Amino acid sequence: MARWPGTINGDPYEPGHSLATPALGSIERWRFSSDVHHPVHLHLDHFQVIGRNSGDPGSWDAGWKDTVDLRPAEAVEVLVRFTDYAGTYMMHCHNLEHEDMAMMADFTVG
């Protein structure tokens, strides 16, 4: 059975190609949206969910996160403060089948 690579923004994972380049010490607002269920995991720094589906976050979104549960047809906005270390890191789907299909992306903190 052939495995098809997952995509982010329509592009398959390409090691070494950064999807984002936040500056060390910066705070960025990122928006995740999906057509299927994805628990999105971000390496390096924790984040806070500030909105879900153009509204307020749910009560389950309170606190610092390293993974956010994204349901079909949902959009989630998060704030991330990149304070730890410069370098290249990744974000990926925590569904094992999606990890196997390379549903991930690199980002480089500079």
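**Sheet, core and pocket**

Let's start with the sheet. Four strands form an open sheet in the order 4-9-6-7, paired antiparallel. Strands here are DSSP runs of E, at least two residues, numbered from the N terminus. Two strands pair if DSSP finds at least two bridges between them. The edges are strand 4 (27–33) and strand 7 (64–65), each pairing on one side only.

A word on the source. This is a predicted model, where local features need pLDDT of at least 70, side-chain atom pairs count only at pLDDT 80 or more, and totals for chains, interfaces and linings use all residues. Residues are numbered from 1 along each chain as its sequence is written, and side-chain values use heavy atoms, with hydrogens and water left out.

Back to strand 7. It pairs antiparallel with strand 6 (residues 47–52) over 2 bridges. Phenylalanine 47 stands opposite lysine 65 there.

Now strand 5 (38–42). Is it buried or exposed? Buried means under 20% relative accessible area, exposed over 50%, partly exposed in between, with a 1.4 Å probe and protein chains only. 5 of the 5 residues of strand 5 are buried, so the strand is largely enclosed by the rest of the structure. His38, Val40 and Leu42 point one way, Pro39 and His41 the other. Strand 5 runs antiparallel to strand 8, joined by 4 bridges. Proline 39 faces aspartate 69 in that strand. Strand 5 also pairs antiparallel with strand 10 (residues 87–93), over 3 bridges. There, leucine 42 has methionine 91 as its bridge partner.

Next, the core. A nonpolar core is a set of buried Ala, Val, Leu, Ile, Met, Phe, Trp, Tyr and Cys residues joined through side-chain atoms within 4.5 Å. The largest has 18 residues, and Trp30, Phe32, Val78 and Met91 have the most contacts inside it. Strands 4, 5, 6, 8, 9 and 11 each supply at least two of its residues. Take phenylalanine 32. Beyond four places in sequence, its contacts (heavy atoms within 4.5 Å) include Val40, Val68, Leu70 and Met91.

Last, the pocket. On a 1 Å grid over the protein atoms alone, a pocket is an open set of points where a 1.4 Å probe fits, with protein on both sides within 12 Å along at least five of seven lines; lining residues have an atom within 4 Å of a point. Which residues lie nearest the centre of the largest pocket? Ile8, Asn9, Phe32, Ser33 and Met91, out of 20 lining residues. Strand 4 gives the most to that lining, with 4 residues.
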